[in-house]
Each structure stands twice: as C-alpha cells, then as structure tokens.
Amino acid sequence: MSIKNGVRDLEDGVRTDFSSTMSYGSYLELDVLLSAQHPKSTPPHHDELLFIIQHQTSELWLKLLVHELLAARGQLDADQLSPARKSLARVKHIIRTLIEQWSVLTTLTPSEYAEFRGALGSASGFQSYQYRAVEFLLGNKNEQMLAVFESDPAAHAMLSDILHSHTVYDAFLRLLARRGHDVPAEVLDRDVSAAWVEAPGLVPVFRAIYRDTAAHWELYETCEDLVDLEDAVQLWRFRHLQTVQRTIGHKRGTGGSTGVAFLRRALELTFFPELIAVRTELGG
C-alpha cells in the first residue's frame with residue numbers, strides 16, 4: 001500500500017463489491033435506521049434533528065439495558081453469579097453513556113427548543129416504555145403506569161409481564177437464600193408486582209456479608225455492583241432534571257407532567273435501600 005499525492009491506496013484484500021454479499025450498511029439496516037428521522041416542525045427546524053436523534057439513540061441504549069438486565073436476572077436465577085456481574089458491569093457502562101448524552105442536548109437553548117416544541121404535541125419521554133421496563137426490572141414498579149401504554153398493545157404486554165415478574169434484586173436475594181443466608185421469608189414470598197419497600201430484616205444479612213468480605217467476596221462485590229448501578233441511575237435522573245430545567249425552566253412537560261417538579265421527586269426513589277442502610281452499621 002502506498003500514499004501518493006496525499007491519497008492512500010486501498011489494500012489489495014479490501015472488498016469493494018457487495019452486490020451479492022452483506023455489507024456494513026445492510027447488516028445494520030442503515031437504510032431503515034437513517035431514514036427514521038422525521039422532523040414535525042414546518043418548515044423543519046434545524047435543531048429538531050438533534051432532539052430526535054438524542055431520543056432515538058437513548059431508546060437504542062435502553063433496548064440494550066433491558067436485554068442485559070433480563071440476562072442478569074436469568075443468570076442470578078441459575079446461580080451464575082460471575083456472568084451476572086458481567087452483565088451488570090455492561091449495564092453500568094451503558095448508563096454512563098446515557099448520562100454523557102445529556103451534554104449534547106444541553107447545547108439546545110430555550111429559544112431554539114421553543115421554535116419546534118409545539119410540534120411535539122403530547123409526545124414525551126415520560127411515555128418511553130423501555131425506560132419504564134428498566135425501572136420495573138430494578139424494583140420501581142407502578143401498575144398505574146400501564147395506563148399510559150394502553151394504546152400500544154405490544155408495549156403494554158411487555159410491561160405487564162415485567163411488572164408481574166421478579167426483579168433483578170429479587171433474583172439476587174433468592175440466590176443469597178439458596179447459599180444459606182437468612183433472607184426473611186416475607187422478602188422471598190413478597191408480591192413481586194409491588195414496588196420495593198425497604199425491608200429492615202435484610203440489613204443483618206448484608207451486615208454479615210460486609211463484615212466478612214473474605215468469606216463472601218463475590219457476594220460482597222455484587223452488592224457493590226448494585227450500589228454502583230443505583231448511583232448511575234440517580235446520576236442519569238439528575239442530569240435529566242438539569243437538562244429539562246435548563247431548557248424549559250418550570251414549564252409543564254409535553255406529556256402533562258409537572259416537568260422539573262416531577263423529575264425532582266424521582267430522585268427520592270431508591271432501588272436497593274438496604275445496601276445503603278447497612279453502611280450505618282459498619283465501621284466505627
């Protein structure tokens with residue numbers, strides 16, 4: 001291979017004919033993916049494309065989050081702790097990517113957003129069924145949310161199934177019980193369709209794990225994985241709140257929510273409260 005007049009020749013083995021074989025574009029179905037951006041403003045506002053792509057890419061990452069959380073839950077059910085931790089590690093990295101994406105949307109000023117906000121109608125991120133699936137899988141369940149998706153049978157069915165299935169945390173606690181830890185029966189037998197409520201009886205279980213990390217190293221590390229996951233979700237929520245506040249102030253959301261006030265209340269939600277509570281009982 002040589003460079004002549006600033007041009008690098010193609011290597012001899014580089015394929016150029018894709019008339020009868022799969023290409024990068026066909027594998028990724030880029031014709032479908034890149035033709036799915038349809039601004040609704042008239043005429044199309046320059047910044048609406050940013051808004052659409054921001055949310056479409058978020059939905060792709062959310063699809064992968066659901067995929068990995070379901071895998072982690074299944075691996076915990078099968079006592080495959082190491083693969084489950086690998087899935088949880090990937091989940092944390094995906095959420096960090098979603099957190100960083102907010103920095104792109106913050107380049108959209110209030111004046112720019114106001115130019116096309118009306119074209120959204122009642123469309124809102126509040127209606128993301130994949131985000132709701134992530135919340136359900138982590139324990140923040142709310143049957144009332146299903147009403148939002150009644151007009152979308154597939155989304156409603158998916159969420160209903162996850163609502164009535166055990167969470168990732170439930171799977172971990174069941175694994176602890178199978179390994180001889182004294183997980184309270186009322187925790188193991190709880191109604192899994194209900195939102196998680198702090199169970200003080202779990203704190204002694206985690207205290208024993210944290211006080212003898214050498215004997216319970218992988219379980220201890222999994223507990224910390226879950227704490228990392230909670231922190232990441234809270235950071236995502238906070239960046240969401242900041243972005244909305246920066247863009248529309250305290251206006252009501254397009255989907256009818258109170259906007260910033262609604263998002264601020266979400267910061268009070270917690271997935272694994274016992275893993276925070278146990279810290280009060282450790283150390284000096």
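How many helices and strands does the chain have? The chain has 13 helices and 2 strands, where helices (H or I, at least four residues) and strands (E, at least two) are DSSP runs numbered from the N terminus. The model is a predicted one, in which local features need pLDDT of at least 70 and side-chain atom pairs count only at pLDDT 80 or more, while totals for chains, interfaces and linings use all residues. Residues are numbered from 1 along each chain as its sequence is written, and side-chain values use heavy atoms, with hydrogens and water left out.

Taken along the principal axes, the C-alpha atoms of the chain fill a box of roughly 70 × 55 × 40 Å. Of the 284 residues in the chain, 40% are buried; buried means under 20% relative accessible area, exposed over 50%, and partly exposed in between (1.4 Å probe, protein chains only). The accessible surface comes to about 15800 Å², and carbon and sulfur atoms account for 54% of that surface. These areas come from the Shrake-Rupley method with a 1.4 Å probe, and for residues only the protein chains shown count as cover. Among contacts (heavy atoms within 4.5 Å) between residues at least 6 apart in sequence, 70% join residues at least 24 apart.

The charged side chains were considered next. The chain has 28 positive and 37 negative side chains, and the centres of the two sets lie 3 Å apart. In this count Lys and Arg are positive and Asp and Glu negative, while His and the chain ends are not counted; the place of a charge is taken as NZ of Lys, CZ of Arg, CG of Asp or CD of Glu. A salt bridge is defined as a side-chain nitrogen of Lys or Arg within 4 Å of a carboxyl oxygen of Asp or Glu, and the count comes to 10 salt bridges.

One of these pairs is formed by D79 and R178, with an N to O distance of 3.1 Å. The pair links distant parts of the chain, 99 residues apart: D79 is in the loop between α3 (48-77) and α4 (81-105), and R178 is in helix α8 (residues 168-178). Both residues are partly exposed, D79 with a relative accessible area of 34% and R178 with 42%. The backbone of D79 also has a positive phi, near 60°, in a residue other than glycine.

In the bridge between E221 and R85, the closest N and O atoms are 3.6 Å apart. Because E221 lies in helix α11 (residues 217-248) and R85 in helix α4, this pair ties together parts that are 136 residues apart in sequence. The side chains of D225 and R85 meet in a salt bridge at 2.6 Å, N to O. D225 likewise lies in helix α11, so its pairing with R85 in helix α4 ties together parts that are 140 residues apart in sequence. Salt bridges that share partners join R85, K92, E221, D225 and D228 into one network.

Helix α8 is largely enclosed by the rest of the structure, because 8 of its 11 residues are buried. The buried residues include V168, Y169, D170 and A171. At the N-terminal end, T167 caps α8, with a side-chain oxygen 3.3 Å from the backbone nitrogen of Y169. Just after α8, G180 takes a positive phi of about 95°.

Several loop residues were also examined. S193 lies in the loop between α9 (185-188) and α10 (203-211) and is buried at 19% relative accessibility. Its side chain makes a polar contact with the side chain of D191 at 2.7 Å. A polar contact is a pair of N or O atoms within 3.5 Å; within protein, one must be able to donate a hydrogen and the other to accept it, and residues adjacent in sequence count only if both atoms are side-chain atoms. Leaving aside neighbours within four places in sequence, S193 is in contact with K141, L163 and H164.

In the loop between α2 (30-33) and α3 lies P43, and the peptide bond from T42 to P43 is cis, with omega near -5°. E29, in the loop between α1 (24-28) and α2, has a positive phi near 50° in a residue other than glycine. At 48% relative accessibility, E29 is partly exposed.
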